[in-house]
Amino acid sequence: MQGSQFGRSPVSLPRPGRALKAVLLGLLGIWLVFALAINWGGAAGASFFALCGNTHAVLSGEVWRLFTAPWLHMPTGTVWHLVSAMLGLYFLGASLEQEWGSKRFLRFLALTGVLAYAVQVAVDALLPARVGAKLVPEYYFGAMPVVQAVAIAWASSFRGRTVQLFFVLPISSRGLILFVVGIS
């Protein structure tokens, strides 16, 4: 039988490559370590904030925060921050890794994460202190800027394709770019 009972072929999930699998496992593993440290590790949990983006700390020489911030997700409260990042990477990143190869894909992820937080530091440093205090949190972290870059890269690489936004809304590659830019 060639399709489902409705005449359409069944939906297939993306097959992530080795690099994307490692990134997804890394995000989940790091989140789990910090969740355990914060909830049961006492003072060890405070180390979470030593790795988050912080404009003052980065400008004081703690540049590593630009590299570690994209890997961190809030280990307390809701897990949707992590889940949404992982879903975005899974559904859009698999085809990018297949198209570009693992090395280029990993370089892209690393570069967009560092660049996103470097721009945040620069904007925060250039804003008047009162405005920056209202717009930029003291600590910032998460892979959502990387996911947004992956979405734009996917839409640029696969023009004319559609994706199911929120699993139900079919949206064109151009519409995806407009959505990502608009939501940002």
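What is the volume of the second largest pocket? The second largest pocket has a volume of about 250 Å³. The legends below describe a predicted model, in which local features need pLDDT of at least 70, side-chain atom pairs count only at pLDDT 80 or more, and totals for chains, interfaces and linings use all residues. Residues are numbered from 1 along each chain as its sequence is written, and side-chain values use heavy atoms, with hydrogens and water left out.

**View A. The largest pocket.** Its volume is about 1,100 Å³. Of its 30 lining residues, Leu 87, Phe 91, Leu 92, Val 163 and Gln 164 are the closest to the centre. A pocket is an open set of points on a 1 Å grid over the protein atoms alone, where a 1.4 Å probe fits, with protein on both sides within 12 Å along at least five of seven lines; lining residues have an atom within 4 Å of a point. Grid points are joined across faces, edges and corners, and the volume is the space filled by probe spheres set on them.

**View B. Elements around the largest pocket.** Two or more lining residues come from each of α5 (80–100), α8 (144–157), β1 (162–165) and α9 (173–183). The greatest contribution is that of α5, with 9 residues. Helices (H or I, at least four residues) and strands (E, at least two) are DSSP runs, numbered from the N terminus.

**View C. The second largest pocket.** Its lining includes Phe 108, Thr 112, Pro 145, Ile 152, Val 180 and Ser 184. The elements giving two or more residues to this lining are α6 (102–126), α8 and α9, and α8 gives the most, with 5 residues.
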